[in-house]
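Me: I'd like to learn how to read a fold feature by feature. Can you walk me through one?
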Amino acid sequence: PIKQAAVHRQWHEVTRAHKKVVIRKPPEMGATKQLTIYRTLRELGENPMARILIIANTSGQGEDSLKEIREHIERNDRLHRVYPNLRPSTLPGAPWNQTMIQVERPETSRDPSVRVMGAFGPSLSARLTRIVLDDAMSFKNTWTQAQRDKFFAWLMSNDVIRRLHDDGEMWMLTNTWHPDDAAHRLEKLPPDIMASSAARAT
């Protein structure tokens with residue numbers, strides 16, 4: 001069985017309490033497993049109409065997370081005991097591939113259940129119920145003022161945050177790259193809009 005550390009419980013508490021959250025953490029703390037993978041599986045099990053976008057630094061990194069999500073849905077018996085209806089969609093042409101999947105739903109929807117892409121990925125038409133930015137920032141998009149401005153403008157554009165449903169969630173899981181990076185800019189928004197949580201390995 002998976003044993004939760006105190007910091008993992010803190011992450012789950014803050015993401016349940018707030019719709020939009022910045023979680024700053026050092027590498028290898030388990031944020032991808034806890035929030036990108038396991039919480040996506042739980043959301044799909046409880047709300048098969050969910051439309052989730054996972055943004056990593058590169059599309060390949062996002063595809064690794066989606067591969068694990070797919071494998072759990074395909075063959076995790078313990079998951080199926082809790083969510084017996086969580087399975088790939090049986091609709092003809094429903095996506096089940098490296099970049100997007102669609103689970104069985106009670107109603108028809110043209111949008112995938114989960115889609116992954118890298119930073120500055122393609123424009124989307126879907127209205128999203130959750131966006132997870134999982135280490136989407138890097139040296140390459142935070143080193144200069146111009147790079148930081150470009151990333152933040154993309155994040156706040158019609159391509160990303162404005163695709164979010166009015167009641168949707170956005171979680172940014174990130175290392176600290178610069179005092180003026182996108183995470184710090186988001187944390188300066190009013191606390192009723194954006195919460196934050198700094199991971200402490202204690």
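Predicted model: local features only at pLDDT ≥ 70, side-chain atom pairs only at ≥ 80, totals over all residues.

Me: Which residues of the largest nonpolar core touch the most other members?

Reply: The general idea is that in soluble globular proteins, nonpolar side chains tend to be buried together. Here the largest nonpolar core has 24 residues, and those that touch the most other members are Ile-55, Ile-131, Leu-133, Phe-151, Leu-155, Met-170 and Met-172. At least two residues of this core come from each of strand E2 (52-56), strand E5 (128-134), helix H6 (145-155), strand E6 (164-174) and helix H7 (182-187). H6 gives the largest share, four residues. Another core, of 16 residues, lies apart from it, with Leu-44, Ile-54, Leu-86 and Ile-101 among them.

Me: What about nonpolar side chains on the surface: which residues form a patch there?

Reply: Phe-139, Trp-143 and Trp-177 do, and together they have about 380 Å² of accessible area. Take Phe-139 as the example: you'll find it in helix H5 (residues 139-142). Phe-139 counts as partly exposed because its relative accessibility is 48%.

Me: On to rings. How many aromatic pairs does a search of the whole structure find?

Reply: A pair of aromatic rings is described by the distance of the centres and the angle of the planes. The search of the whole structure turns up four aromatic pairs. In one of them, Phe-120 and Phe-151 have ring centres 5.9 Å apart and planes at 90°, so this pair is edge-to-face. It links distant parts of the chain, 31 residues apart: Phe-120 sits in the loop between E4 and E5, and Phe-151 in helix H6.

Me: Is Phe-151 buried or exposed?

Reply: Buried, because its relative accessible area is 1%. Phe-120, with 34%, is partly exposed. Phe-120 also pairs with Trp-154: the ring centres are 5.3 Å apart and the planes are at 45°, so that pair is tilted. Trp-154 is in helix H6 and Phe-120 in the loop between E4 and E5, so the pair ties together parts that are 34 residues apart in sequence. Trp-154 counts as buried, since its relative accessibility is 8%.

Me: Now charges. How many salt bridges does the count come to?

Reply: Side chains of opposite charge can pair when their charged atoms come close. The cut-off you need is a side-chain nitrogen of Lys or Arg within 4 Å of a carboxyl oxygen of Asp or Glu. By this rule there are 14 salt bridges. One example is Lys-33 with Glu-68, where the closest N and O atoms are 2.5 Å apart. Lys-33 lies in helix H2 (residues 31-46) and Glu-68 in helix H3 (residues 59-75), so the pair ties together parts 35 residues apart in sequence.

Me: In the salt bridge of Asp-166 with Arg-127, how far apart are the closest N and O atoms?

Reply: They are 3.8 Å apart. Asp-166 in strand E6 and Arg-127 in the loop between E4 and E5 are 39 residues apart, so to speak a link between distant parts of the chain. Asp-166 counts as exposed because its relative accessibility is 72%, whereas Arg-127, at 33%, is partly exposed.

Me: Which residues are linked with Arg-148 in a network of salt bridges?

Reply: Asp-149, Asp-180 and Arg-185. Within it, the side chains of Asp-180 and Arg-148 meet at 3.8 Å, N to O. This pair also links distant parts of the chain: Asp-180 is in the loop between E6 and H7 and Arg-148 in helix H6, 32 residues apart. Arg-148 counts as buried, with 8% relative accessibility.

Me: Last one: which residues does Asp-111 touch?

Reply: Leaving out residues up to four places away in sequence, Asp-111 touches Arg-51, Gln-102, Arg-105, Ala-126 and Arg-127. Asp-111 is placed in the loop between strand E3 (100-101) and strand E4 (114-118). Its relative accessible area is 12%, so Asp-111 is buried.

How values were computed: Residues numbered from 1 in each chain as written. Heavy atoms only, no water. Core = buried A, V, L, I, M, F, W, Y, C linked by side-chain atoms within 4.5 Å. Buried < 20%, exposed > 50% of the residue type's maximum accessible area, 1.4 Å probe, protein only. Contact = heavy atoms within 4.5 Å. Patch = residues over 30% accessible without salt bridge, like charges linked within 9 Å, V, L, I, M, F, W, Y side chains within 5 Å. Areas by Shrake-Rupley, 256 points an atom, 1.4 Å probe, with all protein chains shown as cover. Phe/Tyr/Trp six-rings, centres within 6.5 Å; stacked < 30°, edge-to-face > 60°.
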